[in-house]
Amino acid sequence: MRKALKFVCALLSLLIALLVVSCIRTFLLTVSRSAAPTPCHRNESQGYITSEDAWPRFKKALQFRTVSNAPHVYNRKDLQEFVTFLLQSYPQVFQSPHVRRDIINEYSLLISVSGKNRSLTPYLLAAHLDVVPVVQEEWTHDGFGAEEEDDGSMVYARGAIDDKSNVIAQLEALSFLISKGIQPQRGFFLAFGHDEEVGGHDGAARIAEELWKRGIHDLDFVLDEGLTVLKDLFQGLPNNIAGIGVTEKGSLHLNLSVHSEGGHSSMPPKQTSIGILSAALAKLEANQHDIIFDEMTHNFVESISLDMPFPLNVVTSNLWLFKPLVARALAKGVSESMVRTTTAVTMFQGGLKPNVIPPTAWAVINHRIHPKQTIAEIIDRNRAVVNDKRVTITPLPGSYNAHPVSPHHPKKDRPYRLIRDTLLQIYPNVVTAPLPLVANTDTKHYLSFSKHVFRHNPIVLDVKTELHRIHGRDERLSKANLESAINFYYHLMMNADSDEHPDKSHSHSSEL
Ligand SMILES: CCCCCCCC/C=C\CCCCCCCC(=O)NCC(=O)O
Ligand SMILES: [Zn+2]
Ligand SMILES: [Zn+2]
C-alpha cells in the first residue's frame with residue numbers, strides 16, 4: 001500500500017513538473033516570438049478592383065448548367081454556351097495583341113498572355129468550367145438560378161465556390177490589367193478545363209498536351225483551386241487560416257460487390273447480398289484508417305499554437321509532450337481529413353423487387369489517401385477489416401496516389417512566397433499554412449511542368465456554415481469574396497513580375 005502511494009505521488013510530481021516546464025516553454029516562446037514577416041508586396045499603388053461590374057457577369061456564368069456526371073459525360077450544350085459567353089464578355093481581353101485564346105477539345109479554354117520578358121518562365125493559373133450535379137429538392141434556391149440574398153450581398157448557385165468564381169475572378173483580373181495598358185513581364189496561362197469534376201481527362205489533360213506540343217515544358221508555378229481561407233477552424237483561434245495546398249491527397253474509388261443466390265423472399269438465406277455488403281461497409285466505417293501526424297501537421301499546429309488561448313497554447317506548443325492528445329483532437333471535425341485516409345461510402349445499389357432475394361449488391365467507397373500512404377496499403381487494410389470472402393473488393397480506374405510536396409519554405413522558395421505574400425496583401429491578418437489539399441484538382445495533369453504546384457481558392461469560408469456547401473446544397477458566394485478573389489489574382493499577376501521575386505534562373509534566397 002505504502003509503495004503504491006509512493007508511486008502515485010511520484011507520478012503526480014512528474015506530471016506537475018512536466019506541466020510547469022510546458023508552461024514556462026510556452027511563455028518563453030511567446031515573448032521571443034519574432035514579428036510576422038511584413039509581406040514584401042504591400043504595394044498599395046497596384047490599385048484595387050471592385051466587384052460591381054463583375055457581379056452580373058458572375059451571376060450569368062452561374063446559370064449555365066455545365067454539369068459533369070461521369071468521365072466524358074457532361075452537358076456539351078451549356079459548356080459551349082458558357083465558353084461563348086466568356087469570349088463575348090471580355091472583348092478587351094481577347095482583342096489584346098498580348099492575348100491568344102484557344103478552344104481545346106471543343107469545350108476547354110486556354111488563354112495565353114505573352115510577357116515582355118521572354119526569359120522569364122511563364123506560370124499557369126487553373127480553374128474549371130464544369131460543376132457537380134444539383135439535388136434540387138435539397139436546395140432552398142434554384143441551383144442554377146443565381147438568386148441573390150435581399151441585400152444583393154450573396155448569390156446562390158452550383159459552382160459559386162467550386163469553381164466558376166475562380167474562372168470569373170481570373171478573367172476580371174486580366175481584364176483590369178489590360179484596361180490599365182499593362183503587359184506583364186512574365187507571361188502566364190489561364191487554363192479552364194471543362195471536366196475537372198470527372199477527372200479532367202478531356203479538359204486539363206488535353207490543355208497539358210497542347211502546352212507540351214507548343215514546346216512549353218516548364219512552368220514557373222501552377223496555381224489551381226484548393227484550400228480556402230478558413231474562418232473558425234478551431235475554437236478560440238483568433239486568426240483565419242489561409243491553407244496553401246502544397247500537395248493533395250490521393251484518390252481511390254473502390255467497388256465492393258456481393259453475388260449470391262436469388263430466389264423467393266419467402267424463403268430467405270440468413271443474409272442476403274445486401275446484408276452481407278452492408279455489414280462489410282459498417283466494418284470499414286467503424287474501423288477508420290490510422291491517424292497520421294506527419295511533419296507538415298506538426299509544423300502547422302506549432303505555427304498556430306501561440307495564437308491559441310490558454311491552455312490550448314500550452315498543449316499545442318508542447319507537442320513533445322502532448323502530440324497524442326493533439327492528434328486525437330485533430331481527428332475530430334473537418335481537420336480529420338488532414339490527418340488520415342478518409343473513407344466515404346458514396347454509392348450503394350442492390351435489390352430488384354420487394355419479394356425477390358437480391359442476387360447482387362454493390363457499393364462504391366471513395367478514399368482520399370493521406371500523402372504518407374499508398375493505394376496498395378489502403379486496399380490491403382480494407383480487405384483485412386472486411387475479412388469476408390463473399391465481398392469482392394475491386395479498385396476502379398482513375399485512382400492515384402498523393403502528389404509530390406511542392407517546396408514551401410517562405411524564404412527559399414519564391415513561388416510559395418509569392419502566393420503567401422499575395423494572400424497577405426488581400427488578407428493581412430491570416431495565418432498562412434502549407435497543408436495537404438484534402439480533395440483533388442486538375443493539377444494532376446500539370447505535375448510534369450513544375451515542382452511548384454499549389455492549390456488555393458482565395459476566398460474566406462466559415463468552416464461550420466460554408467464548407468458543407470461545396471458539392472452540397474445551397475452553394476453560395478458573397479460579393480466580398482468575389483472581390484477579394486479578383487484582387488488576389490490581379491495582385492498575383494503584378495507580384496509575379498516584381499523584382500522581389502527574381503526568376504529562378506538567377507534565384508537567390510532573399511531575407512524577408
Ligand atoms: C487543419 C486544416 C484542416 C483542413 C480541413 C479541410 C478544409 C477544406 C477546405 C476547402 C476544401 C475545398 C476543396 C475545393 C476543391 C475541390 C475540387 C473538387 O471538387 N475536385 C474533385 C474531387 O475532389 O473529387
Ligand atoms: Zn473544383
Ligand atoms: Zn468540385
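Are tyrosine 416 and phenylalanine 454 buried or exposed? Tyrosine 416 is buried, and phenylalanine 454 is too; buried means under 20% relative accessible area, exposed over 50%, and partly exposed in between, with a 1.4 Å probe and protein chains only. Keep in mind that this is a predicted model, where local features need pLDDT of at least 70, side-chain atom pairs count only at pLDDT 80 or more, and totals for chains, interfaces and linings use all residues. Residues are numbered from 1 along each chain as its sequence is written, chains are lettered from A and ligands numbered from 1 in the order in which they are written, and side-chain values use heavy atoms, leaving out hydrogens and water.

Now for the rings. The structure holds 12 aromatic pairs. Rings of Phe, Tyr and Trp (its six-membered ring) pair if their centres lie within 6.5 Å; planes under 30 degrees apart count as stacked, over 60 as edge-to-face and the rest as tilted. With centres 6.0 Å apart and planes at 55°, the rings of tyrosine 416 and phenylalanine 454 make a tilted pair. Ring pairs also link Phe64, Phe82 and Phe85 into a cluster.

Next, look at strand β5 (residues 123-128), where six of six residues are buried. Strands (E, at least two residues) are DSSP runs, numbered from the N terminus, as are helices (H or I, at least four). Tyr123, Leu125 and Ala127 point one way from β5, while Leu124, Ala126 and His128 point the other way.

What does β5 run alongside? Six bridges join β5 to strand β8 (residues 188-193), in parallel, and alanine 126 stands opposite alanine 191 there. Two strands pair if DSSP finds at least two bridges between them.
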